[in-house]
Amino acid sequence: MKFEKVSVVGLGYIGLPTAAVLASRGIQVIGVDVNQRVVDALNKGAVTIVEPDLDMVVHAAVTTGKLSATTTPQPADAFLIAVPTPFKDAHVPDLSYIEAVANTVAPVLQPGNLVVLESTSPVGATEQMAEWMAAARSDLTFSHQAGDEADIHIAHCPERVLPGHVMRELVENDRVIGGLSVKATQMAVALYKIFVTGECLQTDARTAELCKLVENSFRDVNIAFANELSVIAERFGIDVWELITLANRHPRVNILQPGPGVGGHCIAVDPWFIVHSAPDQARLIRTAREVNDYKPHHVIEKIVDAAKGFAQPRIACLGLAFKADIDDLRESPSLDIVKRLADIDLGELLVVEPYVDELPKSLQGYDRLRFVGVDEAVRAADIVVVFVKHKPFLSIDRTLLEGKHIIDTCGAWR
Ligand code: SAJ
């Protein structure tokens, strides 16, 4: 199986690094995105997302002519699809991005092509994508119709990389690869082996789909346990960080860390895909989501309580990113918490986020909210809330914290 030209559809946090790494292995890669700005930037060798080492690999791939971008799909040997799969109201999975891609890629498909869905998807989404493509191309047969004899081979290979470590994990992580036929699985394995040094594990599409959802649900359930412990420990006046450190000295206990809630666009989303398709069975998974979604409200209550001790409370809010030392504010619990504090006009808010240059739009336009440096915020504040263990927060002069009311939601200063 030879792949000379590969198209990566969706040039976001997953598609762009994957396109660049494939190109760095000598494959001719065509990136496709609906966003003209992303396409133009890439064609100049520039990147639109922040990820360590990504810019270097993209720049090299574009300069050598191996990577280029366009808004319209072109014929290729294989198509990797990495578009968002958010949920709609009531946590119903939204497959409209996959449907749109299926309809725009279908016209350029040729017999012998491989199409791999990388987007995190509910069980059955790969087959649904194949059905959409088949409806647009009745002249071709697809894996779900003709198995190994099909013209177009379809597989699922969920992405599993950790933001901040994408370039390493993309190459080193094992991959779970499941086709709608055995041949589709084998073709996809051959494609991934071009750049993956981890193992390529073979299964069917539905197992691969559920496997990805299960991985993120496993983490969500474990974080929920830590978050619940933090609330229980508070009730007893016990330091949860000490409690967890001690419990983790048991050889078979490994409790994760509590925080202000679970952020990002994966762990707080993917478990709902399981709950939506198996509502009566996924009881623990649903409860974990509820426990984690409750945590920001709990933090707000603590801040509101603390503010009652001051006539004109000045509150330092440290960190808006959804986890430590990244610039990604999407679905961040701290962003929601700070916005809520601003909406109820609880006091003067001194907001700090060292990894971005300006406040996000949702926090702009409030009279009593300022974007400041960490030292200024902490010096001026009566109440200091730390949301995330960014390095610049861990290293602040602790004497500045003396006499302040501290709310440490993530164990930064324990
Ligand atoms: N968090 C805690 N306590 C912890 C660990 C994490 O509160 O002990 C919070 C973080 O602060 C953050 C959220 O959970 O708000 C998620 O962060 P994360 O580092 O656990 O995960 P993500 O969302 O950056 O990436 C996850 C990864 N999945 C797993 O580790 C199982 C990654 O491998 C996936 O590829 C990614 O989701 C994805 O795209 O699905």
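Q: Which residues does Ala-321 touch, not counting residues up to four places away in sequence?
A: This is a predicted model, in which residues are numbered from 1 along each chain as its sequence is written. Local features need pLDDT of at least 70, side-chain atom pairs count only at pLDDT 80 or more, totals for chains, interfaces and linings use all residues, and side-chain values use heavy atoms, leaving out hydrogens and water. To touch, or be in contact, means to have heavy atoms within 4.5 Å. By that rule, the residues that Ala-321 touches are Ile-326, Asp-328, Leu-329, Ser-332, Ser-334, Glu-353, Val-388 and His-390.

Q: Is Ala-321 buried or exposed?
A: Ala-321 is found in the loop between E9 and H13, where helices (H or I, at least four residues) and strands (E, at least two) are DSSP runs numbered from the N terminus. A residue is buried under 20% relative accessible area, exposed over 50% and partly exposed in between (1.4 Å probe, protein chains only). Ala-321 has a relative accessible area of 4%, so the residue is buried.

Q: What is the relative accessible area of Leu-318?
A: Leu-318 is found in strand E9. Its contacts beyond four places in sequence include Val-352, Val-374, Phe-387 and Trp-413. Leu-318 counts as buried because its relative accessible area is 0%.

Q: Which helix and strands are among what covers the buried residues of H13?
A: Helix H13 covers residues 333-343, and its buried residues are Pro-333, Ser-334, Leu-335, Ile-337, Val-338, Leu-341 and Ala-342. An α-helix has 3.6 residues a turn, so residues three or four places apart point the same way. The cover over the buried residues of H13 includes helix H12 (283-307), strand E9 (314-318), strand E10 (348-352) and strand E11 (369-371).

Q: Which residue just after H13 takes a positive phi?
A: Most residues other than glycine have a negative phi, and most peptide bonds are trans. Just after H13, a positive phi of about 50° is taken by Asp-345.

Q: Is Asp-325 buried or partly exposed?
A: Asp-325 is found in the loop between E9 and H13. Its phi is near 55°, a positive value in a residue other than glycine. With 26% relative accessibility, Asp-325 counts as partly exposed.

Q: What is the relative accessible area of Asp-53?
A: Asp-53 has its place in the loop between helix H2 (36-43) and helix H3 (54-63). Phi of Asp-53 is near 75°, again a positive value in a residue other than glycine. Asp-53 is partly exposed because its relative accessible area is 46%.

Q: With the side chain of which residue does the side chain of Tyr-366 make a polar contact?
A: Tyr-366 lies in the loop between E10 and E11 and counts as partly exposed at 22% relative accessibility. Leaving aside neighbours within four places in sequence, Tyr-366 is in contact with Lys-339, Ala-342 and Asp-343. A polar contact is a pair of N or O atoms within 3.5 Å; within protein, one must be able to donate a hydrogen and the other to accept it, and residues adjacent in sequence count only if both atoms are side-chain atoms. At 2.5 Å, the partner of Tyr-366 is Asp-343.

Q: What separates the centres of domain 1 and domain 2, taken over C-alpha atoms?
A: The protein is divided into domain 1 (5-205) and domain 2 (242-408), with bounds from an automatic or database domain assignment. Their contact takes 13 residues from domain 1 and 10 residues from domain 2. Over C-alpha atoms, the two centres are separated by 34 Å.

Q: Which helix gives the most residues to the shell around the ligand?
A: 19 residues surround the ligand, the closest being Glu-159, Val-161, Lys-212, Arg-219 and Gln-257, where near means having a heavy atom within 4 Å. The shell draws at least three residues from each of domain 1 and domain 2. The most, 5 residues, come from helix H9 (residues 205-235).

Q: How much of the ligand's exposed area does the protein bury?
A: A polar side-chain atom of Asn-216 lies 2.8 Å from an oxygen atom of the ligand, and a backbone N or O atom of Gln-257 lies 2.7 Å from a nitrogen atom of the ligand. A polar backbone atom of Gly-263 is 2.9 Å from an oxygen atom of the ligand. Accessible areas come from the Shrake-Rupley method with a 1.4 Å probe; for residues, only the protein chains shown count as cover. Taken alone the ligand exposes 770 Å², of which the protein buries 85%.
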